Amino acid sequence: MTYVRSTFRHPALPKNDLGYTVDYYEGSLSTLCAGCGHDSINAAIVEACWQMNIEPHKVAKLSGIGCSSKSPAYFLTNSHGFNSVHGRMPSVATGANLANRDLIYFGVSGDGDTASIGMGQFVHVIRRNLRMVYLVMNNGCYGLTKGQDSATADAGSKNKTGVENLFAAIDLASLAIELGATFVGQSFSGDKEQLVPLLKAAMRHNGFAFLNVISPCVTFNNNVGSTKSYDYVREHMAATATMDFIPMMREIKTSYEAGSVKDLTMHDGSVIHLNKLAKDWDPTDRLSATNAVREAKRRDEILTGLLYIDESSVDLHELLETSDRPLNSLGKEELCPGRTALDELNARLR
């Protein structure tokens, strides 16, 4: 190895309620390009989990194939992880979630992994409302195969070679809202103040929580003419609201600028505070959220923040009426109750 990570940590580093410093939530040394937006997203995940006092071993990280799908190696070393097949991460997440409902599921994907080969699975994991955080690190190109335009590259956007993309982009946030996702947020890898509260709220949502994060590729898609470059995104961002997430049973003192404030109470009693900035937008109204995104696009803006949330969401386990206990904790006596139970069941079906 030509480089190593220092193990020194300042002895005065703050600790969370579990007694951990933030470095306990870090992962392996990143091998992504220096300046890659994905590393900023990884840092936001680390910060969110540390602030939420989450035990890393209670998190399961799943991914497909791509630069983004390498990222789970770079956060929460002490958690579970599974790198699956290209575009098939939702199937693995569904099986794992049904077997052990007690874990927090983080699905990390990319614009190619989701908007191209994985589109079919993306649609159905939304439809089933699987309780997980589905995070797309969206850079509009295929970084592992030398920067070809992906399905999220905007029409008219130019890649590094100067070639203009002719095809309309798939807008994943709009699509997720349209398909019935019960939590949809959009952010920018360079906006940690917005991204961390979004991640915390997504982890507490009782259902499918989708986050589309614009994450510029510094090697192949950070040039003049690209609509996924750092400069372009910074110049065209528009926020729905100033957001803060308040965990359950915590006294929080905070202040907001003048404006309309909306409080959203989640299933566990946690609260999302939104200081609304966008006009005529209601995060609990699917049509209002759709119109807000479309209007921003008409103005050539990238709308970020919490776009939509269904506070009454019912997740897959509730829909299927599964066991309150994780399936992997049930013993033989419970899984195989014997012939008498089978006869009683068959009798009820006659």
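Within strand 2, histidine 80 is the residue that forms a bridge with alanine 60, where helices (H or I, at least four residues) and strands (E, at least two) are DSSP runs numbered from the N terminus. The model is a predicted one, in which local features need pLDDT of at least 70 and side-chain atom pairs count only at pLDDT 80 or more, while totals for chains, interfaces and linings use all residues. Residues are numbered from 1 along each chain as its sequence is written, and side-chain values use heavy atoms, with hydrogens and water left out.

Glycine 107 in turn stands opposite tyrosine 134 in strand 4, and the parallel pairing of strand 3 with strand 4 (residues 132-138) extends over five bridges, including the one between valine 108 and leucine 135. Strands of a sheet pair through backbone hydrogen bonds, either parallel or antiparallel.

These strands belong to an open sheet of eight strands, in the order 2-1-3-4-8-7-13-9 and with mixed pairing. Its edges are strand 2 and strand 9 (237-239), each of which pairs on one side only, and the twist from one strand to the next averages 20°.

How much of strand 1 (residues 59-63) is buried? Five of its five residues are buried, a term that means under 20% relative accessible area, whereas exposed means over 50% and partly exposed lies in between (1.4 Å probe, protein chains only). Val59, Lys61 and Ser63 point one way and Ala60 and Leu62 the other way, and all are buried. In a regular strand the side chains alternate between the two faces of the sheet. Strand 3 is likewise mostly covered, with seven of its seven residues buried; Ile104, Phe106, Val108 and Gly110 point one way from it, and Tyr105, Gly107 and Ser109 point the other way.

Turning to the helices, helix 1 (residues 37-51) lies across strand 3, strand 4 and strand 8 (208-214), and runs at about 155° to strand 4. Here axes are lines fitted to C-alpha atoms, for helices over the stretch in contact, and angles run from 0 to 180 degrees between N-to-C directions.

Helix 5 (residues 119-127) takes part in two helix pairings, and its axis comes within 8 Å of that of helix 3 (residues 89-99), the two crossing at roughly 35°. In this pairing Met89, Pro90, Ser91 and Thr94 of helix 3 meet Gln121, Phe122 and Val125 of helix 5, contact meaning heavy atoms within 4.5 Å. By class, four of the residues in this contact are nonpolar, three are polar and none is charged; Ala, Val, Leu, Ile, Met, Phe, Trp, Tyr, Cys and Pro count as nonpolar, Asp, Glu, Lys and Arg as charged, and the others, Gly among them, as polar.

Against helix 6 (residues 172-179), helix 5 packs at an angle of about 45°, with the axes 9 Å apart. That makes helix 5 oblique to helix 6, because angles under 35 degrees count as roughly parallel, over 145 as roughly antiparallel, 65 to 115 as roughly perpendicular and the rest as oblique. Met119, Phe122, Val123 and Ile126 in helix 5 are met by Leu172, Leu175, Ala176 and Leu179 in helix 6, so that this contact, by class, has eight nonpolar, no polar and no charged residues.

The loop between strand 5 (141-142) and strand 6 (148-149) contains glycine 143, which counts as buried because its relative accessibility is 19%. Leaving aside residues up to four places away in sequence, glycine 143 touches Cys67 and Phe220. Lysine 146 is placed in the loop between strand 5 and strand 6 as well, but is exposed, with a relative accessible area of 62%. Although not a glycine, lysine 146 has a positive phi of about 80°. Most residues other than glycine have a negative phi, and most peptide bonds are trans.

Aspartate 300 also has a positive phi, of about 65°, without being a glycine. Aspartate 300 lies in the loop between helix 9 (286-298) and strand 13 (302-309), and counts as partly exposed because its relative accessibility is 43%.

Note on methods:
Two strands pair if DSSP finds at least two bridges between them.
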